[in-house]
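Open the model in your viewer and keep the selection tool at hand. We will go stop by stop.

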Amino acid sequence: MPKSYRTHSQTFKTPRRPYERERIDREIEKCGEFGLKNKREVWRVQLTLARIRKAARMLLTLEEGDQKRIFEGKALLKRMFKYGLLDKDTENGLDYILGLNIDKFLDRRLQTRVFRAKLADSIHNARTNIRGRHIAVDNQMVNVPSFLVTVDNEGKIQNHICSPYGGGKPGRWARARARAVGNRQEEEAEE
């Protein structure tokens, strides 16, 4: 068997049945609802969720007092609370992790949070603004639409200070329009 030189893990997993109508319709609906670029983004979230649920299932098979279950279970739950995937007060147990679905993950993406914070006109405009380097999280510019927003940073999403939307210098089109208006006024003044 040849040596594998791959130094990265798999980020998404394609479906076993590529032409299953119900699954395709569900994926297209998710892409439209959350403004995803392609189905690969849905598959990536599904793989992440599957790995988290697998870890929770493995921990639930251990005994209640097992040190590994206590230590890793607390770490897993802490991560779920950090990203707002589970509620700290009501959903405080490993069995709640098994009830997670991809909607909760997709709802925590920066693209969705920008749209819900009314910083964009549509979910697609939110993606464009993020990729156009107009959005900052906790005063740090973020240009990745799939960035998972923590509960602490949810209120710190705003337009970047260097962006035209955040009070920075005007964009290329605004500068061109201003130049055209200035040239027109000079021509009228000369006549």
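Are helices α1 and α2 roughly parallel or roughly perpendicular to each other? Select residues 21-34 for α1 and residues 39-61 for α2. Their axes come within 9 Å and cross at roughly 100°. The two helices are therefore roughly perpendicular to each other. Angles of 65 to 115 degrees count as roughly perpendicular, under 35 as roughly parallel, over 145 as roughly antiparallel, and the rest as oblique. Axes are lines fitted to C-alpha atoms, for helices over the stretch in contact, and angles run from 0 to 180 degrees between N-to-C directions.

A word on the model. It is predicted: local features need pLDDT of at least 70, side-chain atom pairs count only at pLDDT 80 or more, and totals for chains, interfaces and linings use all residues. Residues are numbered from 1 along each chain as its sequence is written, and side-chain values use heavy atoms, leaving out hydrogens and water.

Show the side chains of R23, I24, E27, I28, K30 and C31 on α1. By class, the contact has five nonpolar, no polar and four charged residues.

**Helix α6**

Select R113, which sits in α6 (residues 110-116). Is R113 buried or exposed? R113 is buried, with a relative accessible area of 11%. Buried means under 20%, exposed over 50%, and partly exposed in between, using a 1.4 Å probe and protein chains only. Leave aside neighbours within four places in sequence: R113 then touches D107, R108, V149, E154 and I157.

**Helix α7**

Next, select residues 123-131, helix α7. Colour I123, A126, R127, N129 and I130: they are buried. They cover an arc of only 165° around the axis, so they lie on the same side of α7. That arc is taken from the directions from the helix axis to the C-beta atoms. Now turn to the other side of α7, where T128 and R131 are exposed. What do the buried residues of α7 pack against? They pack against α1, α2, α6 and β1 (135-137). After α7, click R133: its phi is positive, near 65°.

**The sheet**

Finish with the strands. Three of them form an open, antiparallel sheet in the order β2-β1-β3. The edge strands, β2 (140-141) and β3 (157-159), each pair on one side only. Two strands pair if DSSP finds at least two bridges between them. Two bridges join β1 to β2. Select V137 to see one end of a bridge; its partner in β2 is Q140.

Notes
Helix = DSSP H or I, 4+ residues; strand = E, 2+ residues; numbered from the N terminus. Contact = heavy atoms within 4.5 Å. Nonpolar A, V, L, I, M, F, W, Y, C, P; charged D, E, K, R; others polar.
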